[in-house]
Amino acid sequence: MHALTSPSDALEAATERVVALDRPDLSTIALSGTDVLRYLHAVCTQHTLDLAPGDATQALLLSPKGKIEFAFRLAVLDQGALLDTEAEAAPGLAERLARFVFRYDVGVGRPVQGGATLLGPGTDAALAAAGLPVPVAGRAGVVGPDLVVQRTPVGVDLVGPAAVAAAAGLERAGVERAPAGLWELVRVEHGLPRAGRELTDDVLAEEAGLLGSHVHLDKGCYPGQETVARVHNLGQVQRRLAGLRFEPSADRGLDSRRSGGAGAALPAPRTDLVTDDGRRAGQLRSVVDHPRLGPIGLAYVRRVVEDGRLVRAGDRVATVVDLPFS
């Protein structure tokens, strides 16, 4: 097994072949019982009543005011379902789900931390060679209650208690291991929101760009549904998730950038954004120094701040761009 220690080398490898990285930021929650899909249909943003074993989808739990409380993926098993979400959010999600199951035959398991991600054009071949299912859109590769293979916008995730062992088996078969820090670079590059950063309890699903992937707009009542419908029908969101491409030098753009050249530290998440005329433009949520793209970030920007506009985050200047970066 060859381990890649450089994020730059790992990114390059992921464009040419296949790499595996551990995902300690993921956790899974097993749901059991005869009413799992009926219960999820009542509380989440997705239509789950007609799902069958092997089906996969994504969903949100919202506050009564329509703000995002939890985001998760769902794979239907023969007896129940396996949910996966951010590890830091998993205990709260499990507690929230367990709080309202008294009317349903549903058991909520404890979160189990750990997962893995495969990136690169050789991912499907590596899965097939290891005897693992190759998932297609809308379907999960269910190996059993302890392992599910999920297709993502950037690769494939292995989730469940057996995920880390399955990834180790792939690595023993020759798949290169990438450093854990690679995921944050890939996530920001592709504009994928993360719990605690872009997905917080002050954000609407439409602001985060999750209506198409996490919300069924024609299903019936669930907590927060009225806000989702009103915002979607009237188009009243005032901000959107966008990318920021930070200037690498100090001699272009706003006068204020003279104090923030290439050597200036990147601004911290939650730094407020302002336009060149001093108006409020939004808020930075994530930032990385990408080996290929340079300093980039994810931010919520006001709808009136169009792509191509220059904004300032502390001492750094950035251009607002559409997502994903590539």
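**Starting at H41.** I began with H41, which is found in helix α2. I am working from a predicted model here, so I keep that in mind throughout. Is H41 buried or exposed? H41 is buried, with a relative accessible area of 15%. I then looked up what H41 touches, leaving out residues up to four places away in sequence. The list came back as Q46, H47, T48, L49 and K219.

**Aromatic pairs.** A pair of aromatic rings is described by the distance of the centres and the angle of the planes. How many aromatic pairs does a search of the whole structure find? It finds one. The partners are Y39 and Y104, with 5.1 Å centre to centre and 50° between the planes, so I filed the pair as tilted; edge-to-face would need an angle over 60 degrees, and stacked one under 30.

Where do the two rings come from? Y39 lies in helix α2 (residues 36–43), and Y104 lies in the loop between α3 (90–99) and β6 (107–108). The pair therefore ties together parts that are 65 residues apart in sequence. I also checked accessibility for both partners. Y39 counts as buried, at 1% relative accessibility, while Y104 counts as partly exposed at 22%.

**Charges over rings.** Next I looked for charged ends sitting over rings. I noted R23, whose charged end sits over the ring of W183, 3.9 Å from its centre. I noted R239 too: its charged end sits over the ring of Y300, 4.8 Å from the centre.

**Salt bridges.** Side chains of opposite charge can pair when their charged atoms come close. My count of salt bridges came to 23.

- R17 and E176 form a salt bridge, with the closest N and O atoms 2.5 Å apart. This pair links distant parts of the chain: R17 is in the loop between α1 (7–16) and β1 (19–22), E176 is in strand β12 (residues 176–177), and the two are 159 residues apart. R17 counts as partly exposed, at 35% relative accessibility, and E176 counts as buried, at 10%.
- R38 meets D35 in a salt bridge, at 3.4 Å from N to O. For R38 I found 44% relative accessibility, which means it counts as partly exposed. For D35 I found 15%, which means it counts as buried.
- E171 meets R177 in a salt bridge as well, at 2.6 Å from N to O. E171 counts as buried at 2% relative accessibility, and R177 is partly exposed, with a relative accessible area of 25%.

I also followed shared partners. Which residues do salt bridges with shared partners join into one network? They are R23, D25, R73, D84 and D157.

**Helix α5.** E171 sent me to helix α5 (residues 163–172), where A163, A166, A167, L170 and E171 are buried. Why do I put these residues on the same side of α5? They cover an arc of only 145° around the axis, so they share one side of the helix. An α-helix has 3.6 residues a turn, so residues three or four places apart point the same way.

What do the buried residues pack against? I listed β1, β8 (115–119), α4 (123–129), β10 (147–151), β11 (156–159) and β12. The face of α5 turned away from the buried side carries the exposed residues A165 and R172. One backbone note to go with this: α5 is followed by G174, whose phi is positive, near 115°.

**Cysteines.** Last, I checked for disulfides. A disulfide is a covalent bond between the sulfur atoms of two cysteines. How many disulfides does the structure hold? It holds zero. The sulfur of C44 is 13 Å from the closest cysteine sulfur, in C221, and that is too far for a bond.

Key: Residues are numbered from 1 along each chain as its sequence is written. This is a predicted model: local features need pLDDT of at least 70, side-chain atom pairs count only at pLDDT 80 or more; totals for chains, interfaces and linings use all residues. Side-chain values use heavy atoms; hydrogens and water are left out. Rings of Phe, Tyr and Trp (its six-membered ring) pair if their centres lie within 6.5 Å; planes under 30 degrees apart count as stacked, over 60 as edge-to-face and the rest as tilted. Helices (H or I, at least four residues) and strands (E, at least two) are DSSP runs, numbered from the N terminus. Buried means under 20% relative accessible area, exposed over 50%, partly exposed in between (1.4 Å probe, protein chains only). A charge sits over a ring if NZ of Lys or CZ of Arg is within 6 Å of the ring centre and within 35 degrees of the ring normal. A salt bridge is a side-chain nitrogen of Lys or Arg within 4 Å of a carboxyl oxygen of Asp or Glu. The arc is that of the directions from the helix axis to the C-beta atoms. Contact means heavy atoms within 4.5 Å. A disulfide is a pair of cysteine sulfur atoms within 2.5 Å.
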